[in-house]
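Please keep the 3D view open as you read.

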Amino acid sequence: MNLYQQLIQQKLKTITPEELVSYSHDYNIPITVEQAKKILHIARTNKINVFDPQERKKWVKELAKITSPQVAKKANELFLKFINKK
């Protein structure tokens, strides 16, 4: 795991639901605080590597269950933007 991946993993461990909602609005991905809590619970209790296409696909499916397919699609597009920047 490279430094970029480690930073993302660390942020997932420390971000609050309110921060996640704020970030989601910055990127036009609307979620509620309750959804953010569920998302963070899954992110913290499962080792998710959004850099791995198969793991990201599973993660996006979980996101769709918590939020909606549209929100999950937008989140996946955002993941891809960040991954391609490294």
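## The core and its helices

In this predicted model, the largest nonpolar core has 23 residues. Those with the most contacts inside this core are Leu20, Ile31, Ile39, Val50, Trp59 and Leu63. Four helices each supply at least two of the core residues: H2 (17–26), H3, H4 and H5 (69–85). Helix H5 gives the most, with six residues.

Let us look at one of these core residues in more detail. Leu20 lies in helix H2. Is Leu20 buried or exposed? Its relative accessibility is 19%, so Leu20 counts as buried, the cut-off being under 20%. Leaving aside residues up to four places away in sequence, Leu20 touches Ile15, Ile31, Ala36, Ile39 and Leu40. Two of the residues named for the most core contacts, Leu20 and Val50, are 30 residues apart along the chain. Their C-alpha atoms are separated by 16 Å.

Now for the helix pairs. The axes of H2 and H3 lie 8 Å apart, and the two helices pack at an angle of about 110°. Because angles of 65 to 115 degrees count as roughly perpendicular, H2 is roughly perpendicular to H3. On the H2 side of this contact are Pro17, Glu18, Leu20 and Val21, and they meet Val33, Ala36, Lys37, Ile39 and Leu40 in H3. By class, that contact has seven nonpolar, no polar and two charged residues.

Helix H3 (residues 33–45) also packs with helix H4 (residues 53–66): their axes come within 10 Å and cross at roughly 150°. Angles over 145 degrees count as roughly antiparallel, so H3 is roughly antiparallel to H4. The crossing of H3 and H4 is right-handed. From H3 the contact takes in Gln35, Lys38, Ile39, Ile42 and Ala43, while H4 brings Trp59, Glu62, Leu63 and Ile66. By class, the contact of H3 with H4 has six nonpolar, one polar and two charged residues.

Here are the two pairs side by side:

| H2 and H3 | 8 Å | about 110° | roughly perpendicular |

Ile39 is one of the residues with the most contacts inside the core. This residue is among those that H3 presents to H2, and it is also among those that H3 presents to H4. On the H4 side, Trp59 and Leu63 take part in the contact with H3, and both are named among the residues with the most core contacts.

Technical notes
Residues numbered from 1 in each chain as written. Predicted model: local features only at pLDDT ≥ 70, side-chain atom pairs only at ≥ 80, totals over all residues. Heavy atoms only, no water. Axes fitted to C-alpha atoms, helices over the stretch in contact; angles between N-to-C directions. Parallel < 35°, antiparallel > 145°, perpendicular 65-115°, else oblique. Left-handed = near helix turned anticlockwise from the far one by under 90°. Contact = heavy atoms within 4.5 Å. Nonpolar A, V, L, I, M, F, W, Y, C, P; charged D, E, K, R; others polar. Core = buried A, V, L, I, M, F, W, Y, C linked by side-chain atoms within 4.5 Å. Buried < 20%, exposed > 50% of the residue type's maximum accessible area, 1.4 Å probe, protein only.
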